[in-house]
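Hi everyone, thanks for coming.

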Amino acid sequence: MNTQEAANEMSAFDIAQAQIEVVGKRLRLDPGLLERLKRPSRELTVNFPVRMDDDAIKVFTGFRVQYNQVLGPFKGGIRYHPDVSLEEVRALAAWMTWKCAVIGLPYGGAKGGVICNPKEMSPGELERLTRRFTSEISIIIGPHKDIPAPDVSTDAQVMAWIMDTYSMNQGYSVPGVVTGKPLVIGGSKGREEATARGVMYATREAAKNIGMDLSDATIAVQGFGNVGYNAARLFKEECSSKIIAVSDSRGGIHSSRGLDPKKVKLHKERTGSVLGFPDSNQVTNEVLLEMDCDVLIPAALAGSITVSNAPRLKTRIVAEGANGPTTPEADGILFKKGVTVIPDILCNAGGVTVSYFEWVQSLQHFFWSIEEVKKRLEDVMVKAFEKVWTTAQEEQVDMRIAAYIVAMKKVVEAYRVRGIYP
Ligand code: NAD
């Protein structure tokens, strides 16, 4: 097996464990503690029936992985996708642990998923699937135990069904059981665009540090969902950057004059894809990643930047909107090329940060203005970015290793003061 095949063979969880191993050894952690950090606390697999619209009963499989709770209650999204696996959910739960720690939130990490194709399901089927999955995992979730949120193909409506199902089973409304809810039932202002806004703040700090003017910058975005679309829109609206390419699962579009993300979104809503947008050239997702640009934002699924395309990337900054878009080998190549990679656990932490704000508001039944949300998010992102950037300079490592150093030190310190029970 050559290096490239080996990289392709690595599962997301292999990557997550390799990252912990590298930094754990660097921090000279106790081998037993390192072993603990490489494994999740708890994993729940559920197989459950859903009545479909044609009256057939279909059995679905879902997962909730609770990775680590030494810093606080578990927190993490739920994704609906045909390729969801326990292995992938484990990796995403591990990354949530480090994300919450690096950003300074009082949470542990978790993640959930259901193997399904939401594109082929009716709203009624999705509601019944969500309510049954919520009941199945309700033995381990709760506002002080584990708080789900949206992820790939789950949205505010899905969160509303989770909140309602959990509340019905408790006998009273429990808004704090999920975040990413609609405003009317206790959602937070600014949650919808929070991940993308965090990507923008982190990129703005990186650009300042490497002397790049974002108002002149060209941006390519892979994935045009919640994160990709909002990032493209915010970079254009708030930084005056030029969005030269965007893509979705069917392919991408390019325009050297720049795209208007709001118009592309309307086109996607009408036609089902970004493809065919007027005055744009069609490109593949592979070409988009290797495009000459100042900032590349992978905002789709894991594993898009690998040893095979990393040497050909022509960007100065990779801002990881997605979770796990860059393999460890690709990281090494980009570091040597002098590309600044803002790692996922820092770059896309705006979503969980505003989720935390929403949870605080839900528990207190006291709500903040959009200005307050944006200001607090900016403060959190800038502070976390500075800490990671300084660590990277001091330790002469890339920003991902620096982010893991910051996060793992925090988790290890919590273990030290809490002790190992009993
Ligand atoms: P989404 O479902 O809203 O959008 C995903 C987008 O990616 C869609 O446009 C889809 O067409 C596209 N896509 C799917 N497969 C693709 C492929 N093979 N090539 C190119 N494009 C493809 O999801 P989202 O919420 O925007 O999440 C995107 C990524 O960001 C995920 O990795 C997710 O884990 C991560 N993330 C999301 C949030 C959040 O708050 N939504 C927070 C942190 C991280």
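**Around the ligand**

Let's begin with N323: a polar atom of its side chain sits 2.8 Å from an oxygen atom of the ligand. Overall, the protein covers 82% of the 830 Å² of accessible area that the ligand has on its own. Please keep in mind that this is a predicted model.

Two other residues deserve a look here. T195 places a polar side-chain atom 2.6 Å from a ligand oxygen. With G225 the backbone is involved: one of its N or O atoms lies 3.2 Å from an oxygen atom of the ligand.

Now let's step back to the whole shell. How many residues surround the ligand? There are 23, and the closest are T195, N226, V227, A300 and N323. As for where they come from, domain 1 (42–185) and domain 2 (194–347) each supply at least three residues to the shell.

**A look at R90**

My last stop is R90, which you'll find in helix α4, spanning residues 86–103. Is R90 buried or exposed? Its relative accessibility is 18%, so R90 counts as buried, the cut-off for buried being under 20%.

What does the side chain of R90 make a polar contact with? The partner is the side chain of E87, at 3.0 Å. Setting aside neighbours within four places in sequence, R90 is also in contact with F13, P40, E43, V65 and Y67.

That's my tour, and I'm happy to take questions.

Key:
Residues numbered from 1 in each chain as written. Predicted model: local features only at pLDDT ≥ 70, side-chain atom pairs only at ≥ 80, totals over all residues. Heavy atoms only, no water. Near = heavy atom within 4 Å. Polar contact = N/O pair within 3.5 Å; in protein donor to acceptor, adjacent residues only side chain to side chain. Areas by Shrake-Rupley, 256 points an atom, 1.4 Å probe, with all protein chains shown as cover. Domains from an automatic or database assignment. Helix = DSSP H or I, 4+ residues; strand = E, 2+ residues; numbered from the N terminus. Buried < 20%, exposed > 50% of the residue type's maximum accessible area, 1.4 Å probe, protein only. Contact = heavy atoms within 4.5 Å.
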